[in-house]
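Here are my notes for your read-through. Please keep the structure open beside them.

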Amino acid sequence: MTRSFRTSKGGRIDRAVPVTFTFDGRTLTGRAGDTLASALLANGIHLVGRSFKYHRPRGILTAGSEEPNALVGVAKSAAAAAAGQSVPNLRATQVDIHEGLVAVSQNRWPSLGFDIGAVNDRLSPLFVSGFYYKTFMWPKSFWNRVYEPFIRAAAGLGKAPTAPDPDRYANRYAHCDVLVAGSGPAGLAAALAAARAGARVILADEQAEPGGSLLHEAGAEIEGQSATVWVSAAMAELAGNDRVTLLPRTTVFGYFNQNFVALAERVTDHLASPDPSLPRERLWQVRARQVVLATGAIERPLVFPENDRPGIMMAEAGRIYANRYGVLPGRAIAVATACDSAWRAAFDIAALGGNVVAVLDMRGDVDPLLKERARALSIRVETGCTVTGVKGSKRVQGVLLGRLVGETVSSAGSLACDCLLISGGWTPNVSLHSQARGKLDWNPEKGAFLPGDPVQAQRSAGSCRGIDGLALVLADGARAGAEAAEAATGSPADVPTFSASGGDASTGWWLGAVPHDRNPARVRAFVDFQNDVTAKDVKLAVREGMHSIEHIKRYTTTGMATDQGRLSNMNALSIASTALANEIPQVGLTTFRQPYTPVTFGTLATTSRGDLFDPVRRTPIHDWAAAKAAAFEDVSLWKRAWYFPKSGEDMHAAVLRECRTVRESVGLFDASTLGKIEVVGPDAAEFLERIYTNPWKKLGIGRLRYGLMLNEAGFIMDDGVVGRINEDCFHVTTTTGGAPRVLAHMEDYLQTEWADLKVWLTSTTEQWAVIAVQGPKAREAIAPLVDDIDLATEAMPHMSVREGHVMGGIPCRLFRMSFTGEAGYEINVPPSRARQVWEAVFANVERLGGCAYGTETMHVLRAEKGYIIVGQETDGTVTPDDVGMAWAIGKAKPDFVGKRSLARPDLVAPGRKQLVGLLTRDGRALLEEGAQVTAEADPAPRTPALGHVTSSYMSAAAGRPIALAMIANGRARHGEILHVPMPNGAIAVEVVPPLFVDPEGSRLNV
Amino acid sequence: MLLIHCPCCGVDRPEIEFRYGGEAHIARPVQPADFDDRQWAEFLYMRTNPKGVMAERWRHVHGCGRFFNALRDTVSDRFIAVYQTGEPRPDLSATGGEGAR
Amino acid sequence: MSDTLFHAPAEALALPPHAAAGTALHRAGPLVRFVFRGDSGAAAKVGEAFGVSLPQTPLAAGRAGDRAALWQGPDEWLLLARPAADGPQAVDGLARSLAGELAAVLGDTPHSLVDVSERNIALLLEGPGVADLLNAHVFLDLDPVAFPVGMVTRTLFTKAEIVLWRTGSDRFVLECWRSFAPYVEGLLAEG
């Protein structure tokens, strides 16, 4: 159909290797080494997307990561696309094509050529800056039903993938002496200098190929070699140094405190069928002693009416596509500029056989050598000339010219062309310096902000700090690299010198809106292409009272697109400063923030996904429980067996059966997850005396006591049973979730308040697996397995502990204790043999008619006894007295953590919520945990609740539902009828003591 | 991610090895019972919360396990000094400001 | 890696296919482990009886024959000893006899000696790619200058606490609590 736009020779693509891909369903061919952008341009395609707000047709503007228009959805293959595995919003300028790649344009329906949403462009007067704030404000009721659904349907660019991400993402922590961001001439010189000084160097560049501008700087020579040959030699030298890490396709996207720098490496996106074991992307988290920023400069668009039409491209991008990719950006190319470098684009393109119809320079005074050379190439030259408009909508067909005299413009006819290269000069890329909290200094000669003094151990080199011209940039990079190496390693580093020719400096620049002779009400000149912000919008924002640049940014959304304003900020700032009648440095620049370019969620999550999102802790009994079809629940990081359903049983039936079985015969429960701390030393008892509410000094060896732990404010923080193993050694247990918190709390007091105490703490949570055997037949179940411990109640009463052995020599600590109200034991054994012991006990339990039970049954059984669960009955504002546990407080003790607070006025005031039991009047309704409890069945709005339900279960033992609740003055309300209002009407409840089974506790001592 | 110097291990480690422990130099009263309610509330809840240099407790919880104290500038997030629990707060005027690590 | 202290079973654990050739991961066989806590005087007595002196230098490990003493904190050491035979009885037996011997030399010296033989799992990593493999999940600088042979530290392995000990230029021992081992092994296999 169309002749290729490839040059006949040149470029760094491999012309011998065709690569087939599709764009919007159309099969196209590029060459190995092409980006998606260069391959599309080679096929004559400029129109690649629709803009965000107005759905205006947009073309490829740049050749780099700052691309605002050419955002595409990409899938690895047609099969991947069909499976819903695609990535939206990739910049076509950064996508390396590979065989089978599927790319689609975005933000258009039904097609890129005909887009219904383009009606927004006709309605543009409605979509002025701040329109979100103005338009969707009223009526208020419209928000949920009309505006939000509409905005959600219309908003966003790409389509999110519909299938889970099949790719793997990796992480790598790294340290280095010198991290160099950017491998253009300055970065390469810096890396060479640092590496030659012996420093550990990481050199990262976001592009596929290192070299930066050297890859398209035609005619440039370094050390007597062509620039590209020198790049290869430099890279070979660096690759041969094992203290250097080279990272191509790697974007330095975040600069954090103390030279902690985040990099995103694209590992396999450029490959058609990568090794599946490789991650798609890798996050590098680098701690660098020194950082060299060699991030170059970014060419600035000219802001003239219709400057967003497809076919309009940055001049340097045109030069890159021609020189590096062998692609001519058009058949008839015009250049509109305010600086020298765009002339070189024209010359290079002409030298490759391109048809450059004219160079239009806003400046009246242009270097005669440039004009001379243009004329020699038969290029029309106009100085003091600007573009005032563009013909064509889906592709440039021509431009309107204006004669500039001062600030006034008069029409100067038009010019036919299908491509317009533009340049307003160069903006040093200070993003990372700014992320590193470095200040920026305004340089009026260069019309640019340059990096000021760094705050962190970093320095900028080359054109990102306004250095211009190849020889100076190389020298600046070498200096920066050597300085960084010296600062990092402390040993002196030589500054290498590199002779260079070509790559001359560029003078001239323009900031802000370009003057024109068009009707200002009718035309739009774009400042921020991706967010569709025009020069008019910025002026309007100022008129409407936005005087801070930060407010203007948010009101207009200029600079908030994926390029973070690298293309637009300076023009927007200049327009705002004119409107504000204030100088640019006084108006100031917005802060650049992380990430430099968008980063995938996968790269940020790395391996923390799926089963490896968090550690999943399993007990030694887990596999047995899983084989018995147990349901599991998550308790902190642990998986705990929740209940053991027999076939046909639901949770309710299983739990009722388990509860009944434990009370009637015996149940087996895996309590391995309980926290355990060995408290050892001559002052162990004294320490516990201070840390728990209870008294410990008189606890006999071999005895257990329930311990209650408060924080200093007097509130319950944990509880558990503590055994005295010998005079100096206590076996402390904690709640499952509280184990790390309790150990930290104990260490805190020990280290910082009572450093004189001779006592030490060691976590033994995983040294012991814990097999709880509970029920009237508990002793019968374990007795045959115990080697050397007398289980008779006289020898081993309730609340005692013995060390001994089970099953012929397996060491154990046997606790006689209960969390069910039944007689019971907890057998602590080494995890390696826990399964063996568990199975032996289970065999006995089964023989006795018992069963295994899970955490739900454990909860029910303890609730029937009114035993609290810390975190369920308590919420961090509950005192021992609130839950009826004043008995656990050692009254004679002069002090313990939290004691003084228990006398605080608000903790002794009447009206505190207290633990009670609740029985529904109808004996059937099961209350919802968390439900509010009120005095009236139908309380008036805003009546404070008396309290809330903390636990609620169907109780087999009570034959009815039971509940625990925290109720104001609850203990004084026993017998009262209260109400639990629910959506279907209030449930009447009777307040009762929180004890539903065996009030005398006689079952513990069987 | 901040680097924090552990005075006990003698190395800089990323902050996620550490746990923050609140303001330093608030000793638990030896005889809490002697404190009236106002004094006790002061001890429990009142903190200086300065904008600028603050003395605070840190614990190298995923390292040597020790508590130590640090002077940190709450504006810049910069650690100015670390010192052992029980040692007095370093006098910055003597060292000329942000001299130490 | 089999040596006087660590016994590695023949079966290696999974590593990512792109791990450097010759890199291997094993779960070590049973070990006797004690956490010893006390002051330097007590530590000196223990070192004599144990046969490996307890390092006073932070982040240092001492090792002799089938025993090692790893600094964990200024009053805390992890003692490792390899039982003479396989099987849990050998672990129980050595733990019991060591506890007795150490208690005997310590006498009334205040201290804490707690058996944690079964609390921890040791993973053995060796080969040219170990530092890269670890640095996927460990944020420490594992350059031999920054983390030399003989250095040991508690740190984090993504979200799990570990003890990391460099026993050779391309050999590390990684200890973690037993329930965290599948997570650590899973991440190591992930790369």
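Predicted model: local features only at pLDDT ≥ 70, side-chain atom pairs only at ≥ 80, totals over all residues.

1. Residues are numbered from 1 along each chain as its sequence is written, chains are lettered from A and ligands numbered from 1 in the order written, and side-chain values use heavy atoms, without hydrogens and water.

2. Chain A is divided into domain 1 (14-126), domain 2 (169-297 + 428-501), domain 3 (301-424), domain 4 (520-582), domain 5 (670-861) and domain 6 (897-1005). The bounds come from an automatic or database domain assignment.

3. Look at domains 2 and 3 of chain A. Their centres, taken over C-alpha atoms, are 32 Å apart. Each domain gives six residues to the contact (heavy atoms within 4.5 Å).

4. One salt bridge is counted between domain 2 and domain 3 of chain A (a side-chain nitrogen of Lys or Arg within 4 Å of a carboxyl oxygen of Asp or Glu). Separately, the side chains of Glu217(A) and Arg319(A) form a salt bridge at 2.6 Å, N to O.

5. Now take helix H20 of chain A, residues 684-691. Six of its eight residues are buried (under 20% relative accessible area, 1.4 Å probe, protein chains only). Helices are DSSP runs (H or I, at least four residues), and strands are too (E, at least two), numbered from the N terminus. Among the buried residues are Phe687(A), Leu688(A) and Ile691(A). Their cover includes strand E35 (675-680) and helix H21 (739-752) of chain A.

Note on methods
Buried < 20%, exposed > 50% of the residue type's maximum accessible area, 1.4 Å probe, protein only.
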